[in-house]
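Reader: Hi! Could you walk me through the side-chain packing in this one?

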Amino acid sequence: MALSIPNPINDSQQREVKSFFYSQYFSDGLRYTAGILFPSLAFLQFGLLDVGFTLSLGALCMSVIDSPGPVIHKRNAMGLGNVCLFLVSLITGFARLNIIALGVEITLFSFLFSLLIVYGNRAASVGTAALLAMVFMMGKDTHPNEVLQVSLTLLAGGVWYMLFSLLFFRIRPYRAAQQTLGESIGDIAKFLRIKADFYDVNTDIDENYRKLVAQQVHVSIHQDAVREILFKSRITVKESTNASRILVLTFVDLVDMFEQVMATHYDYGHIRENFKDTGVLAAVNKIIYKMADEVDNVAFMVLSNLRNKRVLDLSKDLEHIKQLIDEARTKNNSASTLVLKKILINIRALNQKIHNIYDYYNSSSSKLLFENKGKIEYSKFVTHQDYAAHIFSDNLSMNSSAFKHALRVSLVCFVGFVIAKFIAPSHHSYWILLTIIVILKPGFSLSKERNYHRLIGTIVGGLIGVLILALVNNNNVLFGLMVVLMIGTYSFTRLNYIVSVIFMTPFVLIMLKFIGIGGYNIVQERILDTIIGSSVAFIASYFVFPSWEFEQIKENLRDVIHANANYLAKIGYSIAGNNIDVTEYKLARKDVFVQSANLSAAFQRMTSEPKSKQIKIKDVHKFVVLNHILSSYTATIAASIMGKPARRARPEAIRSVKKSIALLNDASKKLFGPVAEFKIEKQLTDEPSGEITMPSADDNLLKEQLDFINKISNDVIKITDSILQ
C-alpha cells in the first residue's frame, strides 16, 4: 500500500485559498453584494425593478464608506453620507434640467467633496459616495416632479445599507477585528521570510532590502488598521471578555514580535564573510522560514477562528544552531561568535512570542489572559482625527496638496462632462465622469496605477462579458454568474484592483441585460468611455497641478529622523540606568515603524513617476536603506535591554548614544524638524576615576552596536545634505 506524502507547497496553497475565504476581503465582498443586491431582488418580486434598482444604487453609494474600522466611525460616516446622498441627488435632479447649472454643480461639488480628504480617508469616502450619487442621478431620466421621490428612494437605499451593515457587525462584533488581525499576522510571516533570505549567501543584499522596505509598508498599514479597530472599539478595550483580551494581547505580542524580527538585523555582508562556511547561516535561514510557517499557521488560526495546536517543535533546531555556533568558535578564533549568539537569543525570543500567541488560543483557563494584561494606555496608540472647520479653510491654498488635488478633480470632471455632452455623447456617457472620479488620486503614481488597472481590467472584463453573453442564454445561470462576479468585484477592490475591474465589467454587462439594456454596442460604449475617462485623468495627473513625491518627501525624511532620534533617546535613558515607562517606549517604537513605512511608501510611489520627476531618487533610496538599518540596530539593542532591570552601561556607550542623537537632531534641523531631548548627568559620560574594570563581552557588543549606529547617523546627515543640495 502506497503511503501518501503531504506536499508542503500544495498545503501552503490550499491554506492561502482558505485564508482568502476566511478573510475580511471576502467577508466584505459578501456583505457588499448582499446589501446592494437585496433591494433589487425584493422589489422585483412586486414588479418594481426600477424602484429596487434605485434603492440598490443608494446602497452602492453607502458601501463605499463601509471600509474597515471601528463600527462607531462607520455609523457616523454613513449617517453623514446619507445626508449628502439625499442633498446631492436632489440638487442634481433639478440641475440636470439645465446644462449650464449642471456644469457648475459638477465643478463645484467635485471640488468640495474631493477636499474632504483633509479629514482623512473615511471623510474622503463620504465625498466619493456623494460624487457617485451625483453621477448616478445624472444618468437617470427623471421629470421635475419625480426628483424628490427618486432622491428619497436613493436615501432609503443608503439607510437600508447602513442598517444592514451595522446589524452585520452587531451579530459578529469580534469578526472584523479577527480578520484584520489575522491578515496583519500574515504580513509579518512574509516580512520574516524576507529577513531569512539575508542569511542565504546567494541572495542579493540590496535587492532584498528593496523587498523588505516594500513589505514593511504592508505591515504598517495592517497594524494601523488593527490599532484602529481594536483600540477605538469599546468591546475590545473596555469589556473584560476572553475574546476581547485575546485579540488585544495577540496584537500586543504581534508588535513585539515585529520588533524581534527587526532586531534580527546585523551587518549581513560581514557575517557572510566570516561565517559562510560554518553552516550557521544556512541553519538560521532554515529555522526562520520554519518560524514564518508557524506565524502563517497563527494567522490562519486567527482568521478561521479555530484552536489549532503548534505544528512544529523548533527546540531541536535551536539546539543544532547552538552546536554549530560552538563549533564555529573553535574553528574561527579570529572572528568572535558573540554576534551569532545574539542572533540565537533573538530567534529564541521570537519563538517564545509565537508560543505565547498559541497559548492565548489554546489555554483552557482565562487566568493567563488576565495575568498578561499589562497596564498600557491603548488609546495613546491610535491617531485621533481632528474635524475642526478651520482645517478645511486652512487648506484653501496652493501650498496644500489636498487643495491642488481637489482643484484638479474639479477641472477634470468639468472637462469630462463637456466631452460626454458635446464630443462623445452616448446613453451612458456618465461613465466617463465615473471613471475620472474613481481614477484620480492625490499623487501621480497612485493615479497612474489606478488608471492602468482600470483600463486593462475593463478591456479584459469586456471580452469576458461578451463571451458570457454569447455562450449563456439561461437567465438563471446568468444570474448566478452575475452574483459570483459581483462578489469577486467587491472582494478584490482593496486586495487587487485590476482583478476587481475584470470581475466588475462582465457583472455590469449582465446586470444591464437584465434591466433591458443589452447588445454588444454597450460593451463598445463602456470600453470607449473608460478609455476617454482614463486618458483625460492621466493627462490631468501629469499636467494639471501635479503632485510629485519629491515635493513631499522632505517631510517624510524629517519625521522619520525625529522618530529614530526619539526612539534612540529612550534606549539611551535605559542604558544610563533609568527605568523607562513601557507605554512611552512602545509609543516611540510605534512612531519609528509608522514613519519608516510612510517613507518607504513615498519612495515606492516616487519610482512610479516619470524619470524627470525622480529627483535625487538614488539618494532617497540610500536614505531608506540607512533608515531601516538604523531602526533595526536600535531595535536590536532594545530587544536585549527592555523588560529587564535597568543597568547602567559604561560611559563610552552613553557618550556614543549622545553623539548619535546629536547627529540625528542636526539632520532634523536641516529639514526644519523638531529635535529629540536627551539630557543626562555629565558624570555618566565621564571616565570613572580609580580602578578601571575590564568591559564584559556584552559591554563590547553594545559598544560595537552603538558605534555602528553612530556611523549610520553620520551617513544619514551626509545623505540628507546630498538630498537638500
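Reader: Which residue lies over the face of Tyr497?
Author: That is Arg450, at 3.8 Å from the ring centre. Keep in mind that this is a predicted model.

Reader: What does Arg526 lie over?
Author: Arg526 lies over the face of Trp431, at 5.0 Å from the ring centre.

Reader: Now ring against ring. How many aromatic pairs does a search of the whole structure find?
Author: The search finds 28 aromatic pairs. One of them joins Phe21 and Phe26, with 4.9 Å centre to centre and 85 degrees between the planes.

Reader: Why is the Phe21 and Phe26 pair edge-to-face?
Author: Because over 60 degrees between the planes counts as edge-to-face, and this pair is at 85 degrees.

Reader: What kind of aromatic pair do Phe444 and Trp548 form?
Author: A tilted one, with 5.1 Å centre to centre and 50 degrees between the planes.

Reader: Where do Phe444 and Trp548 lie?
Author: Phe444 lies in helix α20, residues 444-471, while Trp548 is in the loop between α23 (520-543) and α24 (549-575). The pair therefore ties together parts that are 104 residues apart in sequence.

Reader: Nice. Phe444 and Trp548: buried or exposed?
Author: Phe444 is buried, with 4% relative accessibility. Trp548 is buried as well, at 7%.

Reader: Which residues do ring pairs link into a cluster?
Author: The cluster is made up of Tyr32, Phe38, Trp160, Tyr161, Phe164 and Tyr490.

Reader: Changing topic: where is Asp277 found?
Author: Asp277 is in the loop between α12 (268-275) and α13 (280-304). This residue is exposed, with a relative accessible area of 72%.

Reader: Last one, helix α9. What should its 27 residues span?
Author: At 1.5 Å a residue, helix α9 (residues 205-231) should span 39 Å. Its end C-alpha atoms are 37 Å apart, so the two values agree.

Reader: And what does a side-chain oxygen of Asp204 reach at the start of α9?
Author: That oxygen comes to within 3.2 Å of the backbone nitrogen of Asp206.

Note on methods: Residues are numbered from 1 along each chain as its sequence is written. This is a predicted model: local features need pLDDT of at least 70, side-chain atom pairs count only at pLDDT 80 or more; totals for chains, interfaces and linings use all residues. Side-chain values use heavy atoms; hydrogens and water are left out. Rings of Phe, Tyr and Trp (its six-membered ring) pair if their centres lie within 6.5 Å; planes under 30 degrees apart count as stacked, over 60 as edge-to-face and the rest as tilted. Helices (H or I, at least four residues) and strands (E, at least two) are DSSP runs, numbered from the N terminus. Buried means under 20% relative accessible area, exposed over 50%, partly exposed in between (1.4 Å probe, protein chains only). A charge sits over a ring if NZ of Lys or CZ of Arg is within 6 Å of the ring centre and within 35 degrees of the ring normal. The expected span of a helix is 1.5 Å times one less than its number of residues. A polar contact is a pair of N or O atoms within 3.5 Å; within protein, one must be able to donate a hydrogen and the other to accept it, and residues adjacent in sequence count only if both atoms are side-chain atoms.
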